[in-house]
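Hi everyone, thanks for making time. I'd like to walk you through one structure this morning, so please have a look at it before I start.

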Amino acid sequence: MLLRHTTKEVKEREGLTINPAKTCQPIGAMYAALGIHGCLPHSHGSQGCCSYHRSTLTRHYKEPVMAATSSFTEGASVFGGQANLLSAIETIFTVYDPEVIAVHSTCLSETIGDDLQQITKKASDDGKIPEGKYVIYASTPSFVGSHITGYANMVTGMTEQFAVSTGEKKDQVNVIAGWMEPSDMREIKSLASRLGVKIVLFPDTSDVLDAPQTGKHEFYPKGGITIDELKSAGDSKCSLAVGCISAEPAAIALEKKCKVPFETVDMPIGLSATDRFIMALSKAGSVKVPDEITAERGRLVDVMADMEQYFYGKKVALFGDPDQLIPLTEFLLDLGMIPAHIVSGTPGLRFEKRMKEILERAPGANFRNGPQADMFLMHQWIKNEPVDLLIGNTYGKYIARDEDIPFVRFGFPILDRIGHSYFPNVGYSGSLRLVEKILGVLMDRQDRTSLEEKFELVM
Amino acid sequence: MEAKVLIPDPSKIKEELINKYPAKVAKKRSKSIVVNDPEIVPEVQANVRTVPGIITQRGCSYAGCKGVVLGPTRDIVNIVHGPIGCSFYAWLTRRNQTRPETPEHENYITYCFSTDMQEEHVVFGGEKKLKVAIQEAYDLFHPKAIAIFSTCPVGLIGDDVHAVSREMKEKLGDCNVFGFSCEGYRGVSQSAGHHIANNGVFKHMVGNNNEVKPGKFKLNLLGEYNIGGDAFEIERLLEKCGITLVASFSGNSTVGAIENAHTADLNVIMCHRSINYMGDMMETKYGIPWMKVNFVGAESTAKSLRKIAEYFGDEELKARVEEVIAEEVPAVKAIIDEIRPRTEGKTAMLFVGGSRAHHYQDLFSELGMTTLAAGYEFAHRDDYEGREVLPKIKIDADSKNIEELKVTADPELYNPRKSEAELEELKAKGLEINGYEGMMKQMMKKTLVVDDVSHYESEKLIEMYKPDIFCAGIKEKYVVQKMGVPLKQLHSYDYGGPYTGFKGAVNFYKDIDRMVNNPVWKMIKAPWEKSEPESLEASYVAS
């Protein structure tokens, strides 16, 4: 057994987190910053932080992930990291020539009280930022929130620090992407274009973390929201925040700064959430939903109806991040499945409340979020009440193998398969892909374990 | 020796590498980039701070301590005291394989333990939470040992992990609890963490069990972390030769083995950088000499086995080692004879780790490939120039912060395994006893040696040298491959391996053959990108 020490008996823990269902804020900030064109993310902390974040993102995307670090030593930790950051800014603009450096803090720089706003202002005052170039920042101490809130903080940072209101409204809608894959962002752009709504999607990691092989390494790949587009977000007629945890804070900041009204929608994963997303986007753009999209929806419903017997009553354990778990849980319920155990390391009452509302349709489901809401606890729950399907990031494979549960990889990080960066999980077609994946593992299981006389040709 | 393949003028290349840097940075970097001469071995600046903003391969002290040295031992519960990330990123990502004795035996490598420090703990202190976490881990698992690793905020807020560990060790009674002050900001790279780990393992584990186990030729394998199963292959060979492995530091290892390590009669060192401190300390305290070996490469493996036999000085063992080599070599030869015509004359660059950039050059030379440039990520000057430079190395402020244990001979257990005269005699026979000659003496003249290579420098090197393969880690993997050059990861082995011993050499030959001759590298351009539109027109007219 891979996880041979996991006991069935659940004991409440207060000090120890085992097999976490989250990671720390800075990696989220780094991921978000990669969604700005020409941006070099910068980690203000020890070298290890930057190295670990780049490694994890690289393993997830199988793509270059460029980012720099303030390379703190003991001296910097005692006397403050200002000198390191100022020197880093100078070196980066000279050697790597980005349009913008997006600095995020770490537990180290936050503990010693480095103030990124003050240091970046000093860099500007000292003339270390070349004309037409920018340094933005976000505070992302690792001892607060999770990678998801770190992402939200950097998205808020880029919105607040770039968006301006010129007083002249533009006929465009901001779509603020919660933490999703480049493939999902690409799909949202495609849906908007098919709907006929002009959107400004940010951040946008498509064409950054799914770059083509050309024989040349593009240090700043083609994709990403441009600074001009980000600036124009202040003149958009409204914003859609896609995800109440990872996207809404930026929408609130934009409303405050530039009076752009917003609506928060769930990430369009599954039928109901995509329905709401399409309605919200068509309303925001004042357009009618074209037949093409209605037909795409119809294909998803068709498969759900045709295959309902394979989903109905199946118990599912899932773990991951709030903005994905909310619509995913709802979708499982729409499919007739039973979400039985759900954990997320990301804290937050808003998340808890949304999940409880959705889980009214699944009485008896176990749900917990925040510290100690970890995969060890979920595994224990599974030992007490077995499930038919497990959905989560790559670390789930250890539970899946030990307990012999069909497993669908979903979320972050996925270190052992490809596909997530190329094929979306959002929208009707993304949801259809998810249905196909779930069906695939359930049917493979049936094919592998059924008695010979019960082996089915047609399913 | 001069490089057999034509290479550009290295001094011009060096100029090119640094001319884009701000003046101060260029000055600093120029001392870490040297043109090699194996005869005189020029000085390389190493183990110094990376310039902030430079995109470096390096990680932190915590990574070296928890990730590298302590991580591979399967029956220690390793609790990371700090915010969640540090423990999360080091969770199973280093591929330290381990094989518990039975399905019931302990193995915590698949688990990730953290105190998941929150803001309130940073403000009011985290010791209380740490104690609760240790107690909870004990109640759940009853492990033999619990190790505590400090992350950056821990040192800054003043949590005393050592006092907490002592208190909990006393309270629990049958569990060894010890802490490491391996905050990420200590030192300039992972290297500081290796040293801190060596100190802690030496203080808290080695020597805890004096039981002398049977075995005529007993050694410890130091600095072998069983990535991709490397230690399994070395274990197989040692066993076949009749050599007893008391403890491995720390691949496929256990608390019990490490506690008993001082009963061995020789320490052989694979990764000099990460574990040489342990070799020195065990020699001083217990009288066990250490010897540098290299099980990467078939020839190096044979040589290392012979050196071990020579050390023990037993004719029967020497004969057995020759038998084993004779048995193993034909399979290796059959493969290399088939592969070498396809790899001969190709070129490689290695920028990785603290010893791999040296060791793997042996495998490339067995493939007939030339190493054009190499460097370490976190090594010191002795790893480049050889241990004879140790007295000349200036101790800077960053190194001073890392504790040097004061070790003296143990009044009861000190027992010099060999007399001074015997050791001198062995050294004269070419055994690297308490010594390491470093990387540069093996590299050809006019090759380039670059310490802590930056992203910018690697791209430039690839542009100018156009190597057939580049060896580094995951962060560099896809950058280099986007340039159309295959990258072999020498931390994780691209999820392959083992690469040690005879079987490992065969694995490596096959992998490199596959990579440098893979047809995909010729498919990068689309057919319509290969010819100019004019010629298309011309061919249309001509037909």
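Let me begin with one side chain and its surroundings. Setting aside neighbours within four places in sequence, A:Tyr31 is in contact (heavy atoms within 4.5 Å) with A:Leu57, A:Tyr61, A:Tyr151, A:Trp179, A:Met180, A:Glu181, A:Pro182, A:Met185, A:Thr205 and A:Leu209. A quick word on conventions: this is a predicted model, where local features need pLDDT of at least 70 and side-chain atom pairs count only at pLDDT 80 or more, while totals for chains, interfaces and linings use all residues. Residues are numbered from 1 along each chain as its sequence is written, chains are lettered from A and ligands numbered from 1 in the order in which they are written, and side-chain values use heavy atoms, leaving out hydrogens and water.

Back to our tyrosine. A:Tyr31 sits in helix α1 (residues 25-33) of chain A; helices (H or I, at least four residues) and strands (E, at least two) are DSSP runs, numbered from the N terminus. Is A:Tyr31 buried or exposed? Its relative accessibility is 0%, so A:Tyr31 counts as buried; the cut-offs are under 20% relative accessible area for buried and over 50% for exposed, with partly exposed in between, using a 1.4 Å probe and protein chains only. For a sense of distance, 29 Å separate the C-alpha atoms of A:Tyr31 and A:Phe79, which are 48 residues apart along the chain.

Now chain A as a set of domains, with bounds from an automatic or database domain assignment. That assignment gives domain 1 (25-159), domain 2 (170-290) and domain 3 (295-453). The centres of domain 2 and domain 3 of chain A, taken over C-alpha atoms, are 25 Å apart. Between these two, 31 residues of domain 2 of chain A are in contact with 32 residues of domain 3 of chain A.

Which residues does A:Glu330 touch, not counting those up to four places away in sequence? They are A:Ser272, A:Ala273, A:Arg276, A:Ile358 and A:Arg361. A:Glu330 belongs to helix α14 (residues 322-334) of chain A and, with 10% relative accessibility, counts as buried.

One more helix in chain A. The expected span is 1.5 Å times one less than the number of residues. Among the buried residues of α18(A) are A:Tyr428, A:Arg433, A:Ile438 and A:Met443.

Moving on to the sheets. Five strands make an open sheet in the order β1(A)-β3(B)-β2(B)-β4(B)-β5(B), with mixed pairing; two strands pair if DSSP finds at least two bridges between them. At the edges are β1 (17-18) of chain A and β5 (176-180) of chain B, each pairing on one side only.

Look at β2(B) in particular. Six of its six residues are buried, so β2(B) is largely enclosed by the rest of the structure. B:Ile76, B:Asn78 and B:Val80 point one way from β2(B), and B:Val77, B:Ile79 and B:His81 point the other way. Six bridges join β2(B) to β4(B), running parallel, and two join β2 (residues 76-81) of chain B to β3 (residues 113-114) of chain B, also parallel. B:Ile79 has bridge partners in both: B:Ile148 in β4(B) and B:Phe113 in β3(B).

The other sheet is open too, with four strands of chain B in the order β7-β6-β8-β9 and parallel pairing. Its edge strands are β7 (244-250) and β9 (290-292) of chain B. Four bridges join β6 (residues 218-224) to β8 (residues 266-269) of chain B, and B:Leu219 stands opposite B:Leu266 in β8(B).

I'll finish with helix α13 (residues 298-312) of chain B. Its 15 residues reach 22 Å from first C-alpha to last, close to the 21 Å expected at 1.5 Å a residue. How many of the 15 residues of α13(B) are buried? The count is 12, so α13(B) is largely enclosed by the rest of the structure. Just after α13(B), B:Gly313 takes a positive phi of about 65°.
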